[in-house]
Amino acid sequence: MKLPFAECWKIKMVEPIRMSTREEREKWLADAHYNLFMLRSDMVYIDCLTDSGTGAMSDRQWAAMMTGDESYAGARSFYELKDTIERITGFQYVIPTHQGRAAENVLFSHLVKAGDIVPGNSHFDTTKGHIEARKAFAVDCTVDEAKDTQLEVPFKGNVDLEKLEACLKENGDKVPFIIVTITNNTAGGQPVSMENLRGVRRIADKYGKRVIFDSARFAENAYFIKTREPEFKDRTIKEICREMFSLADAMTMSSKKDGLVNMGGFIATRWEDIYEGAKKYEIPFEGFLTYGGMNGRDMAALAVGLDENTEFDMLRTRIHQVEYLAKKLDEYGIPYQRPVGGHAIFVDADRVLDRVPKEEFPAQRLAIELYLEAGVRGCEIGYLLADRDPITRENRFGGNDFLRLCICRRTYTDNHMDVIAAALKNVYDRRHEITRGVEIAWEAELMRHFTVQLKPLG
Ligand SMILES: *Cc1c(COP(=O)(O)O)cnc(C)c1O
């Protein structure tokens, strides 16, 4: 008999969680104005809100924390981190920051000015925010395939090279750099192929532009390159990472994702001029160059986390779990962005709750139903998150309406996946009875989904 697949770790420490009653959840959710961000975490049984900073560290990471050097300047933990980053990426200049958006803030303060145009595959929301806050423009050159949730192609996160080249032809003088997000979070955690990264490099060289990788899930991207791009099937994850980053000039990193730590980020680059420029903003915004927003112990844990998470078995364990949940949804016929990506399942709420009008936010209604069903917290990545058009103030219904279920790294077992799937199936089985969504009672002008207050309809 062929042995089944199993995790490449065993569990040494546990944190109790508790299932609540439906009555409790109904009250808590009403008190939270039907916004799942407003729930206290102990009101949640299985938390799929985000995979950011929610993973479990290894015994080696906890041990490394005890060796952290908290010196203000020249900390040994910084140099350990720098050496690890250089070994994995080839970038010799490293600037630590307290998280990914801080890396964007420091680097873009140097590189982006008003009127600039920054093309990429799909900008993550904080990336777009840091570009638009500088009165510059983020241009998404997403492949059209990403819009069709049922289309199975291996690299739905790719940059559309024709759109990219058209953008550079038209506005080349206004483009400070090209940014490629690996994996493409906004398109559903979808990977970018090495072939596509090479194509981006060719175009960048032709127009004399630099390439930056927004690298939060670079290790997951390398796993997909290894398993889906035949040229790389016999290469190690670390070799693939080196090759990916050889095609970039710099990176921003949210270490809360593939760094396997709860907080942290960094900038890394091969160019002295980028390093010198960013340095000037690092000190006032984040702190001195050898800690910038991070404790010595946290840099020590990050160095170990980066090393562990660029090993095949670790990535296979993680992505196997996401695929395990996706297979269950296939069994039940529940539609999601296909093929499943690296860190989450994006349930196609528009298709599930097809009787709920767009104007009543179907994905938010689905998130509410799933929470009430079993205490599982997902996240609306849809029309609420899309905010209003800044000029017309109309809601933007042009994109997808997803319920995102993120899977934390090394945190839940496949039994928890079974609970998530069964809860979603129960909601799915009564989808035709759900005809109404929610209306907005109060909203902020920007990034409204975090604090919005809602009223259920019907
Ligand atoms: C999370 C994330 C960021 C921002 O990082 P934070 O650590 O949350 O500040 C930027 N880009 C991508 C692709 C991300 O997933």
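This is a short tour of a predicted model, stop by stop.

Before you start, note that residues are numbered from 1 along each chain as its sequence is written, and that side-chain values use heavy atoms, with hydrogens and water left out. Because the model is predicted, local features need pLDDT of at least 70 and side-chain atom pairs count only at pLDDT 80 or more, while totals for chains, interfaces and linings use all residues.

**Stop 1: the ligand**

Helices are DSSP runs of H or I, at least four residues; strands are runs of E, at least two; both are numbered from the N terminus.

Next, pick out polar contacts, meaning pairs of N or O atoms within 3.5 Å. A polar side-chain atom of Gln99 sits 2.8 Å from a ligand oxygen. For Gly100, a polar backbone atom is 2.9 Å from an oxygen of the ligand. Arg217 brings a polar side-chain atom to 3.0 Å from a ligand oxygen. How much of the ligand does the protein bury? Alone, the ligand exposes 380 Å², and the protein buries 97% of that. (These areas come from the Shrake-Rupley method with a 1.4 Å probe.)

**Stop 2: helix α8 and its partners**

Show α8 (218-228) with α9 (237-246). Their axes, lines fitted to C-alpha atoms over the stretch in contact, are 9 Å apart at about 105°. The two are therefore roughly perpendicular, a label for angles of 65 to 115 degrees on a scale from 0 to 180. Contact means heavy atoms within 4.5 Å. Among the residues making it are Phe218 and Ile225 of α8, and Ile240 and Phe245 of α9.

**Stop 3**

Go to the bond from Ile182 to Thr183: it is cis, with omega near -15°. Thr183 is in the loop between β5 and α7. Then find the cis bond joining Arg338 and Pro339. Finish at Leu260, in the loop between β7 and β8. Its phi is near 60°, a positive value in a residue other than glycine.

Definitions and conventions
Angles under 35 degrees count as roughly parallel, over 145 as roughly antiparallel, 65 to 115 as roughly perpendicular and the rest as oblique. A polar contact is a pair of N or O atoms within 3.5 Å; within protein, one must be able to donate a hydrogen and the other to accept it, and residues adjacent in sequence count only if both atoms are side-chain atoms.
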